[in-house]
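Here's a quick briefing to read alongside the model. Have the sequence and the 3D view open as you go.

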Amino acid sequence: MLAVADLHKSFVSPEGGRVGIVHVAAFALAAGEQRALRGESGSGKTTFLHLIAGILAADSGHVTIDGVEMTALGESQRDRLRAAKLGYIFQAFNLLQGHTVLENVLLGMGFGPRGADAVHAREILTRVGLAHRLHHFPRQLSTGQQQRVAVARALANRPRLVLADEPTGNLDHRHARESLVLIREVCRENDAALLLVSHDEQALAQFEGVQDFALINRPGPEDRS
Amino acid sequence: MTLWLIVYRSLRQHALSTVVTASSIALACGLLLCVWMVKTQSQAAFTAANAGFDAVLGARGSKLQLVLNAIFHLEASPGNLAWSDYEAIRRHPAVKTAVPIAVGDNLRGYRLVGTLPEMFATVEFAPGKKGALATGRLFTPGAHEAVAGSFAAARLGLKAGDTFHPFHGLAYDEQNQHAETYTVAGVLAPTNTPADRVIWIPLAGVQTMGGHDPRAATDVSAVLVQLRAPTAGFMLDLMYNKQGNRLTFAYPVAAIIAELFQKISWFDRVLELVAYLVALVAAAAVLASIYNSMSARQRDLAILRALGARRRTIFGAVVIEAAVIGAMGALAGYAVYLGLFAGVAELIRAQTGVVLTLAAWHPVLWLAPVGMVALCALGGVVPALKAYRIPVADTLAPVS
């Protein structure tokens with residue numbers, strides 16, 4: 001499902017030199033597999049997910065998703081692949097505040113090959129327990145409900161891979177636990193692989209397969225300015 | 001659907017600036033349409049308003065003044081001509097009809113024009129249309145009777161049986177009231193020509209009105225002429241204007257009015273320029289409005305990009321948004337245009353009697369709104385480029 005090989009990304013530092021952020025020699029995720037990566041803030045987890053999602057272009061290396069090499073694609077094709085194959089749950093949810101719950105989910109589907117499907121959007125919102133909040137705006141929802149909208153949006157286009165970036169970062173322990181259970185269940189029901197990154201030990205404890213991001217990400221000292 | 005949803009929500013989210021910007025577009029579009037339509041329609045209406053006559057014969061002077069005085073009932077008369085001059089042109093074999101008029105008096109600003117009954121009985125002011133009475137009857141020659149044009153009657157509240165004292169001169173001065181009493185014999189049906197603003201009385205009425213020069217008691221102010229053939233006009237033009245030096249033969253009426261519009265065409269161009277500038281400023285307002293909202297919308301646009309929206313989709317959404325604001329403004333612009341045009345048309349009718357038609361079609365009625373939408377879309381390109389370049393990863397989250 002996901003294969004990463006020799007992936008490298010660096011940024012220009014304020015001082016002018018280049019700072020290596022990500023250098024992952026090899027990483028793989030099987031179809032339907034659920035994996036968590038443990039990593040401290042600033043360790044490059046989000047950048048790693050952005051590179052997998054094609055939101056950022058890698059300096060070098062390969063990311064292959066469902067048999068398609070993302071890193072070989074132009075930006076427009078990466079956008080298309082992301083819309084077709086990926087779901088992304090952001091730490092801050094990143095809901096569109098001017099759009100209703102239903103519209104947020106429809107927009108999550110709208111750029112994919114199947115297009116916006118209101119029936120499916122309602123189904124998945126019902127699945128996450130928001131059938132009664134379809135026409136509410138994000139600001140009218142609790143934090144937990146907003147998180148569920150983000151989950152529904154990420155799953156709405158029937159992705160093959162869901163990337164979750166600190167999905168419980170803004171939730172209390174009870175809601176964090178419930179939210180993770182929901183994310184994992186919904187991914188399983190939709191046969192989507194899940195790659196979650198977090199520094200929250202309680203969240204990570206719910207995963208059988210947890211890897212330290214620092215062990216797979218080794219930006220070389222030569223990258224640091 | 002997705003694109004329209006993005007556009008719709010963005011417009012809703014920025015409802016106030018959307019309404020304000022669309023209003024400025026509406027004003028610009030309405031102004032542009034009004035300037036253009038009033039210009040083209042008034043030119044067409046004025047050149048067509050010849051009251052059914054081909055030419056005007058009058059005292060030596062400006063042809064334009066003669067036409068404005070005799071046909072449009074504006075301007076002062078350039079002078080009088082003798083009854084024998086009227087008789088001469090009436091008997092000319094190239095002339096089909098010649099009707100004399102005499103001016104010099106008014107009723108509270110509305111002109112009294114002396115003429116013969118054949119003005120209504122034989123002359124068609126438009127093909128197949130003669131001056132018909134709405135109420136009452138025609139004046140009796142020699143009697144102190146009047147027939148009021150529809151607009152003048154409505155404004156002065158005249159009806160058959162009413163009486164009035166005329167005032168001396170073409171401009172109303174309440175000190176200059178004549179002693180004669182006239183009775184309204186009838187009111188003419190609307191003709192939508194300058195004649196609607198006139199109160200018609202027998203020719204002799206103006207000629208012999210108390211206070212007028214008795215030596216000019218048989219003079220007329222002008223003779224309105226219908227020709228048997230258009231070529232005759234050039235012959236008479238040669239005879240009166242080139243070979244003679246006492247009278248002026250204004251022919252053809254439409255060309256003389258067209259000359260007037262030619263003379264004031266600079267004013268049209270100034271109005272057009274102002275309208276175009278207003279349109280440009282309105283398009284710039286669209287640009288500024290959307291551009292200023294870009295900072296606030298940057299995160300939303302980055303989220304859309306993260307969801308799979310391509311750069312060109314985001315670019316298109318912003319351009320469409322600008323075009324939709326333009327379209328909303330253009331639609332409202334029709335309402336502004338209708339209001340403005342109705343006001344201007346009423347003013348022109350009150351001042352000249354010439355009627356402009358609100359329902360008249362001109363290609364500018366679709367060209368201007370479509371052009372406005374295109375201009376707004378063009379204005380949207382600048383903020384769209386800004387949206388196009390949004391760095392998704394940087395905007396969404398700091399590197400961790």
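Is Arg127(A) buried, partly exposed or exposed? Arg127(A) counts as partly exposed, at 30% relative accessibility, where buried means under 20% relative accessible area, exposed means over 50% and partly exposed is in between (1.4 Å probe, protein chains only).

Keep in mind that this is a predicted model: local features need pLDDT of at least 70, side-chain atom pairs count only at pLDDT 80 or more, and totals for chains, interfaces and linings use all residues. Residues are numbered from 1 along each chain as its sequence is written, chains are lettered from A and ligands numbered from 1 in the order in which they are written, and side-chain values use heavy atoms, with hydrogens and water left out.

**Salt bridges**

- Over all chains, the structure holds 26 salt bridges, each being a side-chain nitrogen of Lys or Arg within 4 Å of a carboxyl oxygen of Asp or Glu.
- Arg127(A) pairs with Glu189(A) in one of these, at 2.8 Å from N to O.
- Arg127(A) sits in helix H4 of chain A and Glu189(A) in helix H6 (residues 173-189) of chain A, so the pair ties together parts 62 residues apart in sequence; helices here are DSSP runs (H or I, at least four residues), numbered from the N terminus.
- Glu189(A) is also partly exposed, with a relative accessible area of 48%.

**Where chain A meets chain B**

- The contact (heavy atoms within 4.5 Å) takes 36 residues from chain A and 24 residues from chain B.
- Together the two chains bury about 2,600 Å², with 61% of that on carbon and sulfur atoms; buried area is the accessible area (1.4 Å probe) that two parts lose on being put together, summed over both.
- On the chain A side, Asn94(A), Leu96(A) and Phe111(A) supply 21% of the area buried against chain B, more than any other three residues.
- There are 4 salt bridges between chain A and chain B, and one joins the side chains of Glu75(A) and Arg305(B) at 3.0 Å, N to O.
- Glu75(A) is partly exposed at 28% relative accessible area, whereas Arg305(B) is buried at 4%.
- Glu75(A) and Arg305(B) also belong to a salt-bridge network with Asp79(A), Arg82(A) and Arg311(B).
- Arg80(A), in helix H2 (residues 75-85) of chain A, touches Arg310(B) and Arg312(B), leaving aside residues up to four places away in sequence.

**A buried helix**

- Helix H3 (residues 101-110) of chain A has 10 of its 10 residues buried, so it is largely enclosed by the rest of the structure.
- Those buried residues pack against helix H4 (118-127) and helix H5 (143-156) of chain A, along with helix H1 (2-13) and H10 of chain B.

**Domains of chain B**

- Chain B is split into domain 1 (2-47 + 264-392) and domain 2 (55-251), with bounds from an automatic or database domain assignment.
- The C-alpha centres of the two domains of chain B lie 48 Å apart.
- Between them, domain 1 and domain 2 of chain B bury about 790 Å², 56% of it on carbon and sulfur atoms.
- In domain 1 of chain B, Arg349(B), Ala350(B) and Thr352(B) lose the most area to domain 2, together 45% of what that side buries.
- The count between these domains is 1 salt bridge.
- Glu346(B) and Arg155(B) meet through their side chains in a salt bridge, at 3.0 Å from N to O.

Methods. Helices (H or I, at least four residues) and strands (E, at least two) are DSSP runs, numbered from the N terminus.
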